[in-house]
Amino acid sequence: MRLLEGKKTAEFVKQEVLEQVNRLAEKGIKAGLKVIIVGENPASMSYVGMVTRNAEKYGVLAEVISLEETITEEAFLKEMDVLNQDKGTNGILIQLPLPKHINERKVIERMAPEKDIDGFHPINAGKLSQGVDCLVPCTPYGVFKMLEVEEIDLTGKEVVVLGRSNIVGKPAAQLMLQKNATVTICHSKTSNLTEVMKRADVIVAALGQKRFVKADMVKAGAIVIDVGIHSEDGKIVGDVDFEGVKEVAEMMTPVPGGVGTTTIAMLMYNTVKACSQQNGIKF
């Protein structure tokens, strides 16, 4: 079994981004990212800190906008309007989840789609489904990029995407279709789940249940990409039972050190891409 480590893909993407950053710098342009966090959720604060630390390495100017948890929905939407109009803001990242009194869908739809570096806006989702160039959700985009960097040809292969979220499952399926795979999306209501999964040449596990994918669900020689991340007894584990599945899979992503590593890279990629497009410069 060969490990598909995210650092290889992240480094490849980083070099792509830095080349474009240099081209932008020649024209006096620096990509600007605004990260919005509401309240003081420790997990959210940790992720935002990781984003800002990495932004500097990628040549992106990142600024955190910290809002009180008591902010009204109306006030939040006004903040969005300001950022939409700000020419120095090329990308907007909203750290989810938001407080219950703020409608996430309203906030996402209020964002300028050309600045939506998470790729959640309905316009970006629609373009992705039609195979039109757009800003793609970063985690599934990282999976897509990993397959590209590893030179894994999906043409004609059966891919099972385990999970149907708008953030990972659905966009991952769309991206696999673009690679000419035959794609099945499985979820909690799928009948004969193990039987369906055993057909897969590639499994993208994004169900959100730790160690859900067992060895008896995986065909010998399959490629298994684990998008899950969970805490268990002080350790980080994924949606895949790594120790069991590694005995049958040909390639696997580790957790940590796999897909999560590529997500930040694609976030920076999208920011610089958004900046380039807003300034009429090809990326």
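Author: Happy to! Two strands pair if DSSP finds at least two bridges between them, where strands (E, at least two residues) and helices (H or I, at least four) are DSSP runs numbered from the N terminus. This is a predicted model, in which local features need pLDDT of at least 70, side-chain atom pairs count only at pLDDT 80 or more, and totals for chains, interfaces and linings use all residues. Residues are numbered from 1 along each chain as its sequence is written, and side-chain values use heavy atoms, with hydrogens and water left out.

Strand E2 (residues 32-38) runs parallel to E4, joined by four bridges; Leu33 has Gly91 of E4 as its bridge partner. The open sheet has three strands in the order E3-E2-E4, with parallel pairing. Strands E3 (61-67) and E4 (91-94) are at the edges with a single partner strand each, so one side of each has no neighbour in the sheet. From one strand to the next, the twist averages 20°, with axes being lines fitted to C-alpha atoms, for helices over the stretch in contact, and angles running from 0 to 180 degrees between N-to-C directions. Across E2, E3 and E4 lies helix H2 (residues 42-57), at about 170° to E2.

Leu33 also belongs to the largest nonpolar core, of 56 residues, and is among the members touching the most others, as are Val51 and Met268. Such a core is a set of buried (under 20% relative accessible area, 1.4 Å probe, protein chains only) Ala, Val, Leu, Ile, Met, Phe, Trp, Tyr and Cys residues joined through side-chain atoms within 4.5 Å. Met268 touches (heavy atoms within 4.5 Å) residues including Leu33, Val51 and Val60, leaving aside those up to four places away in sequence.

Notes
Buried means under 20% relative accessible area, exposed over 50%, partly exposed in between (1.4 Å probe, protein chains only).
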